[in-house]
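Please look over the structure shown here together with its sequence, and then read the report on a few of its local features.

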Amino acid sequence: MANIQYYDVILKPVVTEKSMDIMADKKYTFYVHPDANKAMIKDAVEKMFEGTKVKKVNTMNIPGKKRRRGAVVGRCAARKKAIVQLTADSADIEIFSGL
């Protein structure tokens, strides 16, 4: 496994209607590095966003969808998604506050 630093773990936030709805329960959704495990994701969130305490991390691997352009059939890249639940006394994540 590659040497992944905490700032390489979280790739970008997921902004969908469902992810916005679960923010009321202090659950935040991110695309993460495919080789990252739950402990690495927890450390990355706590180091990148001050005042946050992670309660639980759920991860899921999303396979790439088949795409077709004429006779050529290919696949989109596979992704890994993480839903991070914060504790009740934790601070909110600021990047989601303006959405």
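The report below takes up solvent accessibility, a hairpin and some spatial neighbours in turn.

The model is predicted. On its surface, a nonpolar patch is formed by Tyr6, Tyr7 and Met48, whose accessible area together comes to about 310 Å². Tyr6, one of the members of this patch, lies in helix α1, which covers residues 6-9, and is partly exposed at a relative accessible area of 35%.

| Residue | Relative accessible area | Class |
|---|---|---|
| Tyr6 | 35% | partly exposed |
| Lys26 | 17% | buried |
| Ala77 | 65% | exposed |

Lys26 sits in the loop between α2 (17-21) and β2 (27-32), and it counts as buried because its relative accessibility is 17%, the cut-off being under 20%. Beyond its neighbours within four places in sequence, Lys26 is in contact with Val84, Gln85, Leu86, Thr87, Ala88, Ser90 and Asp92.

Strand β4 (residues 66-69) runs antiparallel to strand β5 (residues 72-75), and four bridges join the two. Within this pairing, Arg67 stands opposite Gly74 of β5, while the hairpin of β4 and β5 has two residues between the strands, and Gly70 there adopts a positive phi near 70°.

Ala77 is placed in the loop between β5 and β6 (79-86), where it counts as exposed because its relative accessibility is 65%, the cut-off being over 50%. Although Ala77 and Lys65 are 12 residues apart in sequence, the C-alpha to C-alpha distance between them is 7.7 Å.

Technical notes
Residues are numbered from 1 along each chain as its sequence is written. This is a predicted model: local features need pLDDT of at least 70, side-chain atom pairs count only at pLDDT 80 or more; totals for chains, interfaces and linings use all residues. Side-chain values use heavy atoms; hydrogens and water are left out. Patches are made of residues with over 30% relative accessible area and no salt bridge: like charges are joined within 9 Å, nonpolar side chains (Val, Leu, Ile, Met, Phe, Trp, Tyr) within 5 Å. Accessible areas come from the Shrake-Rupley method with a 1.4 Å probe; for residues, only the protein chains shown count as cover. A salt bridge is a side-chain nitrogen of Lys or Arg within 4 Å of a carboxyl oxygen of Asp or Glu. Buried means under 20% relative accessible area, exposed over 50%, partly exposed in between (1.4 Å probe, protein chains only). Contact means heavy atoms within 4.5 Å. Two strands pair if DSSP finds at least two bridges between them.
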